[in-house]
Amino acid sequence: MRAAVLLLLGLLTPVAARAGDPASPDPVRRGEYVFDAAGCLGCHTNEKGGGAPLAGGRPLKTPFGTFYSPNITPDPVHGIGRWTDADFARALRSGHGREGEPLFPAFPYTSYTRMSDRDVADLKAYLSSRPASPAANRPHDLSAPFGWRFLLPVWQTLYLEEGPLKDDPARPAEWNRGRYLVEALGHCGECHSPRGWMGGVDSARALAGNPQGPEGDKVPNLRPGPKGLADWSQGDVEAALEMGMLPDGDFVGGSMAEVVRNSTSKLTPADRRAIAVYLKSLPSVP
Amino acid sequence: MIHRTLHAVFAVAVSAGLFLAFAPAAPAATPEELVKARQQHMKKFGGGMQTIGKFLKGEGGTVEDVQKAAAQIDEAAKGDFTALFPPGTAAPVAESAAKPELWQNLPKAQQQWVDVKPAADKLVTAAMTGEKAQIAQAQQAAGKACAACHEDFRIKKN
């Protein structure tokens, strides 16, 4: 009898929607959408090593050495459980840790700095709602001089332009949303742009592809020129973001497959359209 | 006369059968040929997916085209994994895009291949309904099945 009542209660209780919702008044649900759009899960989870979600430890091989992502679960010792909202905002906005130490730009704060205050706050609310993991952080394995943290303030002066990103009033809302998704949350330019010898993005060629991307991959040009998305329709861009399908019917592999799985497939169709509108509006770069 | 002709036909048929049965085996395919065959096989998926994608994007094609494309994908999904991924065909052999890790994780890769078939079956069923929403959902699921292996075991193309 009791089991039957419980079963009935279970049937009557509305099933909570699992996915994040950009229109939700609940900061946690809204924050989950920001989390997906910002693609936090991939880098902060050592999926191949069997690590807990967001417990860090994923190796990121770069030309500067191997970075190991930190634990961003609410664990008070190894995670960010003791971080205040202001600490968290400072990390994203100005690239500094809780003790004020400058952070390596493998954490893409040069993009996240452009996030709105509300998105930063909601992202923190969502992360705080996740299960804590006591996994200890692993030190990075970098070659000199890239591992010298004391040089980072110089790097930040050269390459960090603090946000948030302001809307361009001369452009439609959809374009502005697309720019925000590409330049702030999606941090697309972090992989799709070439970098100089110091690791700063070559802003003149932003999103024009990177012959030496993460994990040694060549990363394609997203500008509308002949070497980029010239032959792509707007629908092609949306389909690539939704399920990873390329115009020839092939499906993306490698790190972009992961981005589609964890991030762009979870966006609303309107947001994917906005991204396509923005990318198609960029000047082409050969 | 008819009797003799039948005899002759029979004799030819028997000798042809014997010849086929005892003919020397075809020379083993080179790694280049095997990679090429695999790439051609994968293009059957891509071609089908492209047709369905175009229909869903409103860029052309009919429901019949989608049904044919789904059948083509379903047929390709029947391919034999071991024959498609023989040892010695990892990159960089013959511009192969398959990472050597595939052969170090054969059970995983094989399971990913096996998972394509039920997804392709569902795509065929969805195509029969002609409903865009159902086709889109089934295509997305089939795409996920393709992408699972591409994510782990395929070298970036660009």
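**Between the chains**

Mentor: Chain A and chain B have three salt bridges between them. Keep in mind that this is a predicted model.
Trainee: Which residue forms a salt bridge with Glu151(B)?
Mentor: Arg261(A) does, and the closest N and O atoms are 2.6 Å apart.
Trainee: And how many residue pairs are in polar contact between chain A and chain B?
Mentor: Nine, with both residues at pLDDT 80 or more.
Trainee: What area do chain A and chain B bury between them?
Mentor: About 1800 Å², with 51% of it on carbon and sulfur atoms.

Trainee: New topic. Why is helix H2 of chain A said to be largely enclosed?
Mentor: Because eight of its eleven residues are buried; the helix covers residues 27-37.
Trainee: Which residues of H2(A) are buried?
Mentor: Arg30(A), Gly31(A), Glu32(A), Tyr33(A), Val34(A), Phe35(A), Asp36(A) and Ala37(A).
Trainee: What do the buried residues of H2(A) pack against?
Mentor: Five helices of chain A are listed here: helix H3 (40-43), helix H6 (117-128), helix H8 (173-185), H11 and helix H12 (269-281).
Trainee: What happens at the start of H2(A)?
Mentor: A side-chain oxygen of Asp26(A) reaches to within 3.0 Å of the backbone nitrogen of Val28(A).
Trainee: And what follows H2(A)?
Mentor: Gly39(A), with a positive phi near 60 degrees.

Trainee: Now Thr110(A). Where is it?
Mentor: In helix H5 of chain A, residues 109-112.
Trainee: Is Thr110(A) buried or exposed?
Mentor: Buried, because its relative accessibility is 13% and the cut-off for buried is under 20%.
Trainee: What does the side chain of Thr110(A) make a polar contact with?
Mentor: The side chain of Glu190(A), at 2.7 Å. Leaving out residues up to four places away in sequence, Thr110(A) touches Trp155(A), Tyr159(A), Leu160(A) and Glu190(A).

Trainee: Last one. Which residues make the nonpolar surface patch?
Mentor: Trp148(A), Phe150(A) and Leu151(A), and the patch is about 340 Å².
Trainee: Where does Leu151(A) sit?
Mentor: In the loop between strand S3 (141-142) and helix H7 (152-159) of chain A. Leu151(A) counts as partly exposed, at 34% relative accessibility.

Terms used: Residues are numbered from 1 along each chain as its sequence is written. Chains are lettered from A and ligands numbered from 1 in the order in which they are written. This is a predicted model: local features need pLDDT of at least 70, side-chain atom pairs count only at pLDDT 80 or more; totals for chains, interfaces and linings use all residues. Side-chain values use heavy atoms; hydrogens and water are left out. Patches are made of residues with over 30% relative accessible area and no salt bridge: like charges are joined within 9 Å, nonpolar side chains (Val, Leu, Ile, Met, Phe, Trp, Tyr) within 5 Å. Accessible areas come from the Shrake-Rupley method with a 1.4 Å probe; for residues, only the protein chains shown count as cover. A salt bridge is a side-chain nitrogen of Lys or Arg within 4 Å of a carboxyl oxygen of Asp or Glu. Helices (H or I, at least four residues) and strands (E, at least two) are DSSP runs, numbered from the N terminus. Buried means under 20% relative accessible area, exposed over 50%, partly exposed in between (1.4 Å probe, protein chains only). A polar contact is a pair of N or O atoms within 3.5 Å; within protein, one must be able to donate a hydrogen and the other to accept it, and residues adjacent in sequence count only if both atoms are side-chain atoms. Contact means heavy atoms within 4.5 Å. Buried area is the accessible area (1.4 Å probe) that two parts lose on being put together, summed over both.
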